Amino acid sequence: MRSRYAAFVVRDAGYLLRTWHPETRPPAVDFDPATRWTGLDILETTEGSAFHTTGTVTFRARYTDGGGPGSLHEKSRFVRHEGAWVYEEAVFAE
């Protein structure tokens with residue numbers, strides 16, 4: 001999760017697409033030039049160890065958009081795909 005957040009910060013679309021499950025991956029990642037990511041808090045994790053095939057990460061990511069502050073609160077599901085952890089989908093997002 002932290003590496004995907006960092007990829008959003010530096011706008012690394014290639015990394016984001018490589019770490020997205022092929023069944024839910026969009027054709028491209030569009031970055032809003034007005035959005036600047038300013039912090040990440042991991043609130044909860046479930047499963048996701050070497051012994052699991054799925055896991056979730058609940059997080060709050062802070063940003064500014066056009067000068068105003070905001071945040072994204074999401075619970076993300078990750079799965080193992082071809083041996084690597086990949087983002088599958090948002091279970092919920094606020």
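Trainee: Where is the place of His 21?
Mentor: His 21 sits in the loop between H2 and E1. Helices (H or I, at least four residues) and strands (E, at least two) are DSSP runs, numbered from the N terminus. Before we go on: this is a predicted model, where local features need pLDDT of at least 70, side-chain atom pairs count only at pLDDT 80 or more, and totals for chains, interfaces and linings use all residues. Residues are numbered from 1 along each chain as its sequence is written, and side-chain values use heavy atoms, with hydrogens and water left out.

Trainee: What is the mean pLDDT of the chain?
Mentor: The mean is 95, and 100% of the residues reach 70 or more. pLDDT is the predictor's confidence in each residue, from 0 to 100.

Trainee: Which element has the lowest mean pLDDT, and which the highest?
Mentor: E4 has the lowest, at 94. H2 has the highest, at 98.

Trainee: Back to His 21. Does it count as buried or exposed, and why?
Mentor: His 21 counts as buried, because its relative accessibility is 10%. Buried means under 20% relative accessible area, exposed over 50%, and partly exposed in between (1.4 Å probe, protein chains only).

Trainee: What does His 21 touch?
Mentor: Leaving out residues up to four places away in sequence, His 21 touches Val 79, His 81, Val 86, Tyr 87 and Glu 88. Contact here means heavy atoms within 4.5 Å.

Trainee: Take Val 86 from that list. Where does Val 86 lie?
Mentor: Val 86 is in strand E4. Val 86 is buried too, because its relative accessibility is 6%. With the residues up to four places away in sequence set aside, its contacts include Arg 18, Thr 19, Trp 20 and Phe 78.

Trainee: How far apart are Val 86 and Thr 35 in space?
Mentor: They are 24 Å apart, C-alpha to C-alpha. In sequence, 51 residues separate Val 86 and Thr 35.

Trainee: New topic, the sheet. What is the order of its strands?
Mentor: The order is E1-E2-E3-E4, in an open sheet of four strands with antiparallel pairing. Two strands pair if DSSP finds at least two bridges between them. E1 and E4 are at the edges with a single partner strand each, so one side of each has no neighbour in the sheet. On average, neighbouring strands are turned by 30° against each other, direction ignored. Such angles come from axes, lines fitted to C-alpha atoms (for helices over the stretch in contact), and run from 0 to 180 degrees between N-to-C directions.

Trainee: How many bridges join E1 to E2?
Mentor: There are 11, and the two strands run antiparallel. Asp 41 has Arg 60 in E2 as its bridge partner. For Leu 40, the partner in E2 is Ala 61. The hairpin of E1 and E2 has six residues between the strands, with Gly 48 in the turn at a positive phi of about 85°.

Trainee: And E2 with E3? Over how many bridges do they pair?
Mentor: 12, again in the antiparallel sense. Arg 62 stands opposite Ser 71 in E3. Two residues lie between the strands of that hairpin, and Gly 66 takes a positive phi near 65°.

Trainee: Over how many bridges do E3 and E4 pair?
Mentor: Eight, antiparallel. Arg 80 faces Trp 85 in E4. In this hairpin, which has two residues between the strands, Glu 82 has a positive phi near 50°.

Trainee: Which residues of H1 are buried?
Mentor: Arg 4, Tyr 5 and Ala 7. Seen down the axis of H1, they fall within an arc of 155°, so they line one face of the helix. That arc is taken from the directions from the helix axis to the C-beta atoms. On the other side of H1, Arg 2 and Val 10 are exposed.

Trainee: What covers the buried residues of H1?
Mentor: The cover includes H2, E1, E2, E3 and E4. H1 lies across E1, E2, E3 and E4, at about 170° to E1.

Trainee: Last one. Which side chain does Thr 56 make a polar contact with?
Mentor: That of Thr 46, at 2.4 Å. A polar contact is a pair of N or O atoms within 3.5 Å; within protein, one must be able to donate a hydrogen and the other to accept it, and residues adjacent in sequence count only if both atoms are side-chain atoms. Thr 56 lies in E2 and is buried, with a relative accessible area of 11%.
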